[in-house]
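Here are a few notes to read with the model open beside you.

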Amino acid sequence: MPHDVWITGIGLVSCAGEGRAAHAAMLAAGTPPPVDEASFAPFPIHPGPALELDRQIPKKGDQRQMEPWQRLGTYAAGLAIDDAGARGLVGEMDLIVAAGGGERDIALDDSVLAEVSQLPPEEGAVRLNALLASGLRPTLFLAQLSNLLAGNISIVQGVTGASRTFMGEEAAGADAVRVAAMRLAEGRGSVALVGGAYSAPRWDMLLLYGSGGLLRRGAWAPVFGREDAPGAVTGTLGAFLVLETADSARARGAKGLARIGTVATAQSRRSPADTGREAMAQAFAHLAPRLPAGTLPVISGATGVAAPTALEREFLGGLYRPLAVRAVGSRVGWGVEAAFPASVALAALALSEGRVPAPLGPLEAPFEGPPTDMLVTGFGAWRGEALAHLAAIPAADQPGGTA
Amino acid sequence: MTAPRTDHAGRPVVAVTGIGLVTPLGFGVADNWAALLAGRSGIRRIARFPTDHLRTTIAGTVDLPEEAAGGRVLTSSERVERIAAMAAEEAMAEAGLGGPRGGFPGPLMLGMPPVETEWPVRFALAARAAPAEPRYAALVEASVGFDALWRTASFAGVGERLAERFGTRGAPIAVSTACATGATAIQLGVEAIQRGEADAALAIGADGTVQPEALIRFSLLSALSTRNEAPEKAARPFEKTRDGFVMSEGAACLVLESLDHALARGARVLGILRGCGEKSDSFHRTRSNPDGGAVIRAMRNAIADAGLSPGEISYVNAHGTSTPENDKMETLGMRAVFGNHPDPFGPPISSNKSMIGHTLSAAGAIEAAFSLLTLRDQRLPPTINHDEPDPAIALDVVPNVARDAKVAHVLSNSFGFGGQNVCLVISGDAA
């Protein structure tokens, strides 16, 4: 008998601020997000809020061992644990982090390039060694390592069950949520922390995503209105979820925000022979039987990149039912590894608030009344397709409820 | 006697039906195993790039045929992909399952290092950006349409291409748990089969990061041996004069399959992946808690997950990095876990890293592969360079020479930076 899995805490940091209240207000407002179009022109980004790090990373020594990306993730992880009231569970809490790479030393890279690119290759190789050996800081290596976000969460937040770090842009975030939920459902542990982080003001990442042709240039527009210059707008995003078996939550009197049902991931080649339509249809078949009739609220992870956005529109259109789509990318930007966990967190928040987010733009149809179910989509900018089904938890099922 | 198809916890038994190996000792299982039993070292002076200004100038490297023939030196990401594919081809051929034309009945679990833009790519971009000054903003403009960058530095890229090539199902998962990565990849595959998500899984651990910046970074952490004058003597796990690990490269692939699925198609079963255990540490970024708690729990969790007691473990494939710290902590863990073992020294333990060095993200998978060969041949590979015993380490480390032994269950340890510890229990048969 599989266990019911609840989301009992969310930790969110984005351009909308930090925590539940700021994000509930953002969802209710339906207004365009803050955007910085100048600092990394021609690429707009959504900057994150200034964090009072001491609140989640009390030791200055720990703060110094990290750069902004790891600090953001460690901070958001702490918010999620607090939100779930789960400080007492961290010793046996399992952890799955979806991680990118940490910050490079941009000034060092620039100065090495300026000098070495002028030299003949053999001389340049020797000079490169000298410059790196004297210029690299030991702490920066640890701040760069992908698995050290999880390491820092263990050290700072005390989360010391299993620890795994998935790499692979959005798909890593989706599989992290999927695997964490499945492990709980089958009875491996009773509580897990899962999520990721992305720090947007980073030239090293813009270089990578730019080379993949994934970034929008010029002025900001909602993700479904970027035909003039398709692409994602990166946004600072920290997103962690505390997933817990319903039994564990009830036993400690913790309310759930939402029940997490099936999470399905797929990876198509997005080629003429493997467009992704079939993969998504198969994934959706796992979820469909449990979705109620009527208008379906969809929390969409659309990026604004041409191919996956078109694929998602086609997929949603093919459901042949009324939808109320809400694009997370239009509200907080593209947070890469953090994108899917953030979409799930926002869906859980909306379900617990009993309110579908206010529409942002004409393509988002209105929805009245409290939602019972939500579909979360994640069509990765380059690869990876994911769906999740979240459901509201009836009051009678919550701790203290009369079932 | 028919082998049980489910384990003590009612889960499908997970068999290994194919093994592939690439290390500095050679390409393929046969060459690697022969060299390992012979106690040969694969550690050499680095010839791939100039080593001026470097504190450590030795490593275990896997140089590819096209490089040996004078071709361009591959980036780390390209090397990881190449040797991962070599290991997968060998394993799948042995298993007789799937193949280059696709159709593998399960997912790809890929343990690999984080990849990023590397210096050769940056220099190429700087040349494209000229005459603009080669700063990041100009590099980004120059990167448009520069496919090599996205191909080699996106995290999903390596797994995507391997998944396409080998026809694995679903989204491949690329995983990193530092030095435990290869073991985590296997664990993910085992779990997918145990929960009935797939009949099989392709688990790979691969690393190919011997390049100047990576070497310097590990040097700055004071983690590497500087015994440059005698490369083959530099990796000396559990020995008194050990002074650090030796960076190395390699890949291993295991074809994991439910025993049911393997027997139904008449596959030869090479061993059983019987248990996995993990436990993370909250003490420090590069050191274990001095009480050894997490290491001990990871070992005990794996043995318990296998439905065994410590006394039933016949041999331990060590993490054994040759750093003063790791080997001390691993000894502490051994004493705690095997205090009541029938043998007062505990089970014999040896470190493959004494010969192949520390293959980082690949190590857990490579050492699981060697553990399976240990079970097959009932022969323990040695820990070489054991010249002067460390009085603080009272373990039977199979010093210097391989020997025969009765081996039923192997514990394979992997302990990572960042406090991520994973142990596997591998058995000869399912009983």
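**Notes on the model**

1. Helix H8(A) is mostly covered, with 16 of its 17 residues buried (under 20% relative accessible area, with exposed over 50% and partly exposed in between; 1.4 Å probe, protein chains only). Helices here are DSSP runs of H or I with at least four residues, numbered from the N terminus. H8(A) covers residues 169–185 and reaches 25 Å from first to last C-alpha, close to the 24 Å expected (1.5 Å times one less than the number of residues). A:Gly187, with a positive phi near 95 degrees, follows H8(A).

2. A word on the source: this is a predicted model, where local features need pLDDT of at least 70 and side-chain atom pairs count only at pLDDT 80 or more, while totals for chains, interfaces and linings use all residues. Residues are numbered from 1 along each chain as written, chains are lettered from A, and side-chain values use heavy atoms, without hydrogens or water.

3. Chain A is split into domain 1 (5–102 + 145–397) and domain 2 (106–139), with bounds from an automatic or database domain assignment. Their centres, taken over C-alpha atoms, are 38 Å apart.

4. The largest nonpolar core has 63 residues, and A:Tyr209 and B:Phe218 are among those touching the most other members. Such a core is a set of buried Ala, Val, Leu, Ile, Met, Phe, Trp, Tyr and Cys residues joined through side-chain atoms within 4.5 Å. H9(A) gives this core its largest share, six residues.

5. Beyond four places in sequence, B:Phe218 is in contact with residues including A:Phe141 and B:Met247 (heavy atoms within 4.5 Å).

Conventions. Helices (H or I, at least four residues) and strands (E, at least two) are DSSP runs, numbered from the N terminus.
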